[in-house]
Amino acid sequence: MTTSASVPAGSEGAAAAGTVTDRLVEANERYAAAFTDPGMDARPALGVAVVACMDARLDLPAALGLELGSCHTIRNAGGVVTDDVIRSLTISQRALGTRSVVLVHHTGCGLESLTEDFRHDIEMEVGQRPAWAVESFKDVEQDVRQSIQRVRTSPFLLHTDDIRGFVFDVKTGLLKEIDPA
C-alpha cells in the first residue's frame, strides 16, 4: 500500500477518511499536543548505532530494550551495509560519538527471494537501470558475516572493535549472535 492510496474499505481505521499519510499526520498532531521536549541532543546515550532491516515485523526498541535517545537506528531493505549505511555510521561515530555497531538481520527476509533480475525488470519497465544493487542473499547468517566485514574494513570508521551481528527470529523474537569467522 502506498502512502497516497486511500484506505481500503474494511481495513483498520477505514472510518477515517483520507489517505494513509493523512492518518499519519493526524496521529502526529495528537502526539505533538502532548509532546514535551526531552531535552536531549543527537548523541545516543548508549554510544551505539544499530543497523537493521526495514521489515515492519522488527520492533527494535522493544526487542533490544531501547528507549528514546538510546541509539542511532539505520534501517534499509535487508539491513545491508551499503555505502549509505557507511556514510551514516561515519557521521554517527565521527560527529556524534558512537563506538559500537549492532547489525540485525532476520529470518524470513524478503531479500532472500529476490535476485538482481529485480533491477533488470525495473530497467525494462522504466528505461533506466537503478544505480543501486538489490543485495539479495540466500543465507542470512552469511549475509550478517559480510555486513560485519564491510563495517570492520571501512576506512572511514574510527571504531571497529565492537561490531556484532545477529539474526532476529521473527517467530520467537530471539536474537541469535553470528560468529563473524
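Let me start with Leu-103, which stands opposite Gly-165 in strand 4, where strands are DSSP runs of E with at least two residues, numbered from the N terminus. Strand 3, residues 100–106, pairs with strand 4, residues 163–168, in the parallel sense over 6 bridges, and two strands count as paired if DSSP finds at least two bridges between them. Please keep in mind that this is a predicted model, in which local features need pLDDT of at least 70 and side-chain atom pairs count only at pLDDT 80 or more, while totals for chains, interfaces and linings use all residues. Residues are numbered from 1 along each chain as its sequence is written, and side-chain values use heavy atoms, with hydrogens and water left out.

Stepping back to the sheet, 5 strands form an open sheet in the order 2-1-3-4-5, with mixed pairing. Strand 2 (71–76) and strand 5 (175–178) stand at the edges with a single partner strand each, so one side of each is left without a neighbour in the sheet.

Now to the cysteines. The structure holds 0 disulfides, a disulfide being a pair of cysteine sulfur atoms within 2.5 Å.

Methods
Helices (H or I, at least four residues) and strands (E, at least two) are DSSP runs, numbered from the N terminus.
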